[in-house]
Amino acid sequence: MTIQLPSADGVLRTYEPRTEPLALSPGTPFTSRTVFSAAHAVADPYADVSPDSPAAVDWDATLAFRRHLWSHGLGVAEAMDTAQRGMGLDWAGAAELIRRSAAEAKAVGGRIACGAGADQITGGSLVEIRAAYEEQLAVVEESGAQVILMASRALAAAARGPEDYLEIYGHLLRQSAEPVILHWLGPMFDPALAGYWGSADLDAATDTFLEVIAAHPDKVDGIKVSLLDARREVDLRRRLPRGVRCYTGDDFHYPELIAGDGQGFSHALLGIFDPLGPLAAQAVRVLDTGDTAGFRGLLDPTVALSRHLFQAPTRFYKTGVVLLAWLAGHQAHFTMVGGLQSARSLPHLARAYELADGLGLFPDPKLAEERMKNLLSLYGVTS
């Protein structure tokens with residue numbers, strides 16, 4: 001059987017889907033790396049909502065997908081940008097997601113870390129921003145999850161310079177009950193975060209970021225860096241205080257960064273590990289044995305898919321992630337919070353299907369093919 005896929009030039013081309021998936025199954029816990037998958041939230045396709053309405057989430061499907069990730073040994077990074085935080089999922093929805101997912105993690109013994117930010121406000125003074133952060137910090141801590149202290153659009157807009165970041169983050173770290181993960185999300189993921197840490201100069205911003213960590217190393221479990229710059233990440237992780245982890249958020253260079261070099265390595269907190277979950281887990285278990293070449297052999301071929309999903313405008317990568325979850329049978333529909341399923345073109349989605357199928361990511365290739373054909377038919381493509 002074949003399928004007709006549209007190319008970027010509008011020409012249809014014939015693709016022959018694979019017939020067997022990769023053999024991937026749950027296994028033992030990881031020993032060499034701490035690995036989180038930033039998981040997407042599943043929309044409720046029957047909710048009568050508009051793009052401006054509060055998010056309508058299918059809680060059963062959303063929690064089932066987290067159980068899928070946990071079953072393969074991955075941690076779940078909850079209420080992050082992959083879950084459409086700030087792009088359809090408001091703070092009320094994120095708080096509910098945090099509470100439900102944290103309770104599910106406790107029930108199944110899964111690892112979970114949740115984002116705390118200040119997105120219940122869109123602006124305001126530094127005092128108001130700090131209070132918003134404190135509210136979210138309390139919700140995450142009360143749920144029993146680890147805190148990921150997220151970058152704030154409101155803080156990026158209100159801060160006058162590095163000293164405001166040092167004050168806000170210092171205050172939050174002093175009052176946090178347990179060590180947190182600090183999250184530096186670059187402007188390619190969210191343009192409103194340009195100039196974070198008080199400077200558009202990344203070297204200067206890095207110095208401020210490191211100053212925050214150096215002042216409170218006992219309150220920082222690790223940092224999650226999403227700048228899509230492998231050289232900068234390696235330099236940053238070499239400058240971290242002893243005991244502070246670097247969690248790569250680089251969806252372009254993750255195999256080499258996780259594998260590491262003679263001076264260290266990165267752990268992982270990645271959106272691409274949502275669709276790659278079982279394969280990524282298998283690769284890390286290979287790395288646990290000391291087989292770096294085997295790890296790279298499994299994970300390197302996935303980079304083409306990741307670079308495709310995260311191509312500019314990078315913030316719309318969630319559309320491809322949810323497409324692949326639908327094609328893989330993890331949800332019954334291709335609907336997203338805020339109608340974001342329309343954020344990528346048909347040729348982009350077709351290429352995502354082709355790359356994922358080539359990797360053997362679909363547990364049922366025939367189901368994936370049928371669903372892709374159904375999607376294509378809505379656009380007038382018949383085969």
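Visitor: Where is the place of alanine 79?
Guide: This is a predicted model, and in it alanine 79 sits in the loop between strand S4 (75–78) and helix H2 (91–108).

Visitor: What about its backbone, what is the phi of alanine 79?
Guide: Alanine 79 has a positive phi of about 60°, although it is not a glycine.

Visitor: Is alanine 79 buried or exposed?
Guide: Alanine 79 counts as buried because its relative accessibility is 0%, and the cut-off for buried is under 20% relative accessible area.

Visitor: Which loop holds glutamine 84, and what is its phi?
Guide: Glutamine 84 lies in the loop between S4 and H2. Its phi is positive, about 70°, and glutamine 84 is not a glycine either.

Visitor: And is glutamine 84 buried or exposed?
Guide: Glutamine 84 is at 1% relative accessibility, so it counts as buried.

Visitor: Where is threonine 82, and what does it touch?
Guide: Threonine 82 is placed in the loop between S4 and H2. Not counting residues up to four places away in sequence, threonine 82 touches Ala38, Ala39, His40, Gly271, Asp274, Tyr317 and Lys318. Threonine 82 is buried, with a relative accessible area of 2%.

Visitor: New topic, a peptide bond. Which form does the bond from alanine 312 to proline 313 take, cis or trans?
Guide: The bond from alanine 312 to proline 313 is cis, with omega near -5°.

Visitor: Where is proline 313 found?
Guide: Proline 313 is found in the loop between helix H11 (303–309) and helix H12 (317–327).

Visitor: On to helix pairs. What describes two packed helices?
Guide: The angle between their axes and the distance between the axes.

Visitor: What are the angle and distance for H1 and H2?
Guide: The axes of helix H1 (residues 59–71) and H2 come within 10 Å and cross at roughly 45°. H1 and H2 are therefore oblique to each other. The crossing in which H1 passes H2 is right-handed.

Visitor: Which residues make that contact?
Guide: From H1, Trp59, Thr62, Leu63, Arg66, Arg67 and Trp70. From H2, Gly93, Glu96, Leu97, Arg100, Ser101, Glu104, Ala105 and Val108.

Visitor: How do the residues of the H1 contact with H2 divide?
Guide: The contact has 6 nonpolar, 3 polar and 5 charged residues.

Visitor: How do the axes of H12 and H14 cross?
Guide: The H12 and H14 axes come within 8 Å, crossing at roughly 125°. H12 and H14 are therefore oblique to each other. The contact is made by Leu323, Trp326 and Leu327 of H12 with Leu367, Ala368, Arg371, Met372 and Leu375 of H14.

Visitor: What is the split by class in the contact of H12 with H14?
Guide: By class there are 7 nonpolar residues, no polar ones and 1 charged.

Visitor: Met372 came up there. Is methionine 372 buried or exposed?
Guide: Methionine 372, which is placed in helix H14, counts as buried because its relative accessibility is 0%.

Visitor: What is methionine 372 in contact with?
Guide: Leaving aside neighbours within four places in sequence, methionine 372 is in contact with Ile3, Leu5, Leu327, Leu349, Ala350 and Tyr353. The C-alpha atoms of methionine 372 and leucine 5 are separated by 9.3 Å, while the two residues are 367 apart along the chain.

Visitor: How many residues does helix H13 have, and how far does it reach?
Guide: H13 (residues 346–359) has 14 residues and reaches 20 Å from its first C-alpha to its last, close to the 20 Å expected at 1.5 Å a residue.

Visitor: How many residues of H13 are buried?
Guide: H13 is mostly covered, with 11 of its 14 residues buried. Among them are Leu349, Ala350 and Tyr353, and also the charged residues Glu354 and Asp357.

Visitor: What covers the buried residues of H13?
Guide: The cover includes strand S1 (3–6), strand S2 (12–15), H11, H12 and helix H14 (365–378).

Visitor: Last one, tryptophan 184. Which strand does it lie in?
Guide: Tryptophan 184 lies in strand S7 (residues 180–185). At 2% relative accessibility, tryptophan 184 counts as buried.

Visitor: What is tryptophan 184 in contact with?
Guide: Neighbours within four places in sequence aside, tryptophan 184 is in contact with Tyr196, Trp197, Leu202, Ala205, Thr206, Phe209, Lys224, Val225, Ser226 and Leu227. The C-alpha atoms of tryptophan 184 and methionine 150, 34 residues apart along the chain, are separated by 7.2 Å.

Terms used:
Residues are numbered from 1 along each chain as its sequence is written. This is a predicted model: local features need pLDDT of at least 70, side-chain atom pairs count only at pLDDT 80 or more; totals for chains, interfaces and linings use all residues. Side-chain values use heavy atoms; hydrogens and water are left out. Helices (H or I, at least four residues) and strands (E, at least two) are DSSP runs, numbered from the N terminus. Buried means under 20% relative accessible area, exposed over 50%, partly exposed in between (1.4 Å probe, protein chains only). Axes are lines fitted to C-alpha atoms, for helices over the stretch in contact, and angles run from 0 to 180 degrees between N-to-C directions. Angles under 35 degrees count as roughly parallel, over 145 as roughly antiparallel, 65 to 115 as roughly perpendicular and the rest as oblique. A crossing is left-handed if the near helix is turned anticlockwise from the far one by less than a right angle, and right-handed if clockwise. Contact means heavy atoms within 4.5 Å. The expected span of a helix is 1.5 Å times one less than its number of residues.
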